[in-house]
Amino acid sequence: MSNTQVMQQMQAMLGPARARLGRLRLARGLREALVLGSLVTPATLGVTLLLGLLVRPMGALTRWQLAMIVGAALSSAAACLILKCGRLLLHRPSWQDAAEVLDGAGNPHDLIVTAYDLAGQNRNSIFARMAVERGVTALKAGRNRPFGLAAPSPAGSRIGMGLLATLLLAAVVVLLPRAGGEVVTVVGTASADSPASTDASTALVQAQREQAEPPSVSRPAIQALSASRQTKAQEALLAVLPTSLARTGASQNEAGPTRQAFSAQSPSANAASPQETPPSDSRPSATPRATAHPASPPSAEEESSTNPTHTRQRAGGSGAPDSESRLKASLLSGETDPDSDEENQDDLRQEKQQQRALAGTGGQPLLSDRLGAPSRELGLSGKKSDLPPEGRGGPSDLKRSRATATILSGLPVPVHVKGMKQQGKSKSQARAMPLGASDTESRSVVEAAGPGHEGHVRRYAPDEAWQAVLGRYYQNLRESESNQQSE
Amino acid sequence: MQESLCTPEEWKEGQAAIDAFKETFVTLRDQVRTQFIGQGALVDDLLSALFAGGHVLLEGVPGLGKTMLVRTLSQAVQLGYERIQCTPDLMPADIVGCMTLIETDHGGHQLTYQQGPVVSNFVLVDEINRATPRTQSALLEAMQESQVTVGTRTVPLPQPNIFIATQNPVEQEGTYPLPEAQIDRFMVKLLVRYPDPGDYHAIIDNTTGVTSPAIQAVVGGEKILTMRRWVRQVEISRPVLDYAVRLVVATQPEHTSLDLVKEAVALGVSPRGVQSLVVMGKVKALLDGRTSVSCKDLQSVALATLRHRVLLSYRAAAQRITQDQVVEAVLQSTPTTGHSA
């Protein structure tokens with residue numbers, strides 16, 4: 001008997017299973033169509049109904065509109081049916097599919113499907129013919145074995161909800177023409193008989209519109225609010241300054257919030273013109289300068305920014321400038337004193353010249369060429385501080401952060417090994433407990449030991465939430481590092 | 001039906017091959033088990049790889065008998081046996097051999113090739129991850145092509161040929177993890193676990209007495225080659241092969257739909273992984289008395305053949321996701337032939 005005859009024989013035996021498979025698939029398709037339709041049909045009905053009501057908000061729907069609504073709902077249901085069942089109706093299950101489901105029904109070693117496939121490939125080795133014969137034997141034994149299909153999870157509740165929604169919407173569609181007519185009548189009567197009601201409704205609409213609009217805030221109020229916030233920030237800053245500075249600030253606070261903000265920018269200018277702001281100005285919310293004093297001269301801040309020499313002359317011209325005020329001003333403004341900068345530069349230059357003069361004699365190296373020692377501190381991010389990177393030795397950023405991660409958090413943070421595609425493992429990961437014969441998952445030595453001390457180093461065991469936070473942090477850190485390296 | 005498709009002689013011949021395979025396998029297994037107690041699945045997988053024609057990577061903590069298992073197996077087969085003890089200062093020439101100046105009988109000198117331990121049938125590479133990558137890479141050609149090249153000389157390795165390497169998952173300091181190209185050449189990676197508590201008595205009896213059980217060589221090289229040919233003759237149908245391909249493709253993050261693989265895997269299984277999967281499945285089928293591979297056969301060898309070919313991503317390593325977990329997730333999510341209808 002040739003392989004072709006074997007295949008025909010197998011097809012004859014697979015026929016019932018194939019037909020049953022087709023029916024099962026169709027049933028499953030219908031079920032899926034029902035599930036899909038229970039979602040799509042009410043949605044279509046609702047949307048078209050809403051559109052119809054939008055077109056005629058107070059009136060009855062016309063017959064054409066009703067027909068369009070019902071037609072759209074029915075079309076969507078038909079589309080679901082075609083989508084799920086159309087392909088199944090056109091394409092019958094293959095013989096291979098029938099063999100597969102029969103194997104799946106009770107044949108653990110795929111004998112039937114293998115036999116059918118090998119016969120189809122016309123394989124003639126001894127092992128192939130033996131496999132085909134075993135498959136045919138298995139098919140004879142199990143061709144009438146019942147089988148089922150892996151159906152999607154039962155969605156009875158979903159179907160029920162969809163049908164209920166469809167019925168409710170259909171009822172609305174049926175009842176809406178009558179209700180709409182009555183509404184039109186009532187509204188028409190009311191609007192015709194009582195003009196006062198129109199006024200009332202207009203007032204109501206106006207009230208609703210006012211309620212819907214956000215409260216308009218005047219611009220001066222916003223400016224006053226920002227000024228008061230600025231005042232609070234200045235007060236908080238002054239609280240941390242030394243007492244003498246606080247005293248100075250307190251004496252200037254008496255001039256009012258506007259004055260305070262002004263003095264924070266340039267105290268020397270502030271001292272030079274105390275009469276610019278009246279001390280009796282005790283308004284609770286500070287008014288911005290531009291609003292309160294539109295004709296006031298340019299502020300000291302503007303002056304200092306446009307002409308720094310002028311500020312210096314003023315400060316020098318006052319005879320004995322308040323050093324605390326200057327310090328405070330420089331702290332607040334974040335600027336450095338140009339005089340002190342120049343002095344420092346001069347000192348450095350002079351020192352360098354002296355050392356160069358000594359260097360020729362072989363006395364000592366240039367101290368100005370010295371480099372700071374590398375930081376060996378383990379920061380959380382592993383990043384170095386502001387020290388130059390040319391220093392000798394010291395752990396690299398990677399090692400630094402690796403040690404931090406492992407020591408501080410006890411987290412398994414794997415490391416990257418340069419020059420290798422395969423990543424290395426951190427020691428905490430490498431220390432895995434060996435698997436037992438019945439174990440399925442390995443445990444690390446640290447896990448097995450539980451919370452405790454290792455030598456003189458106390459083991460830090462963060463809770464799970466903290467571990468997750470740290471884990472995410474280090475993962476992102478490492479991934480960004482590796483991305484930078486690859487780039 | 002049987003008479004018409006397969007003659008009785010052919011049927012008898014095929015059945016005899018199957019029986020001989022099973023008998024040889026069981027004989028060898030029993031011989032190994034006289035010395036190596038317990039861990040039946042491990043021994044079965046090791047012998048399956050031997051008959052499938054692949055190399056084996058044994059991984060386990062010290063003291064579990066990895067080296068003893070390999071030594072016992074080498075005694076049970078009549079093959080040339082060499083052992084390479086890997087150390088950080090081991091050089092490639094120590095493995096593959098080198099050209100040496102040798103004094104001849106007539107007082108002259110001759111440059112001759114001194115073969116290394118790799119030129120043998122049965123090679124134990126002990127503690128392979130203690131050798132440097134340059135030395136590890138000396139094994140690449142030998143493992144894949146069964147030959148070594150020294151200078152202009154290419155030396156074929158004697159057949160049958162098998163490399164069994166051991167490595168220790170702990171004590172990673174001072175070791176060199178195997179590169180992907182190296183680890184992919186192992187057909188299976190077998191995990192050596194602790195023996196069952198009930199096996200300890202027999203282990204102690206065997207190893208702490210005056211004498212230890214004698215191992216007899218029960219299988220020769222020719223027999224192993226014949227069995228390897230039988231394994232290759234086992235058939236695999238296209239649907240089952242499709243399942244094997246689906247399994248392997250599901251481990252590749254760029255082709256899979258499995259979220260775990262997308263997140264946890266940096267590099268999936270290579271086509272060489274499918275080859276190993278199918279050949280090991282053929283051995284399983286033959287041991288079960290069948291001449292065709294089924295999806296169940298593939299499932300039973302998937303962990304051993306695929307676990308070491310899955311390269312985990314950084315995130316997975318940090319979250320302690322193991323390669324076995326990935327392979328098991330792939331097995332659960334990939335439908336077999338019977339369930340795809």
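This is a predicted model: local features need pLDDT of at least 70, side-chain atom pairs count only at pLDDT 80 or more; totals for chains, interfaces and linings use all residues.

Residues are numbered from 1 along each chain as its sequence is written, chains are lettered from A in the order in which they are written, and side-chain values use heavy atoms, without hydrogens and water.

In chain B, 5 strands make up an open, parallel sheet in the order S3-S6-S9-S1-S10; strands are DSSP runs of E with at least two residues, helices runs of H or I with at least four, numbered from the N terminus, and two strands pair if DSSP finds at least two bridges between them. Strands S3 (81–85) and S10 (186–191) of chain B stand at the edges with a single partner each, so one side of each has no neighbour in the sheet. Between S6 (residues 122–126) and S9 (residues 162–167) of chain B there are 4 bridges, and Phe122(B) stands opposite Ile162(B) in S9(B).

Helix H4 (residues 66–76) of chain B is largely enclosed by the rest of the structure, because 8 of its 11 residues are buried, that is, under 20% relative accessible area with a 1.4 Å probe, protein chains only. Among them are Leu69(B), Val70(B) and Leu73(B).

Phe21(B) and Phe25(B), both buried, lie 4 residues apart in helix H2 (residues 8–35) of chain B, about one turn of the helix.

Definitions and conventions:
Buried means under 20% relative accessible area, exposed over 50%, partly exposed in between (1.4 Å probe, protein chains only).
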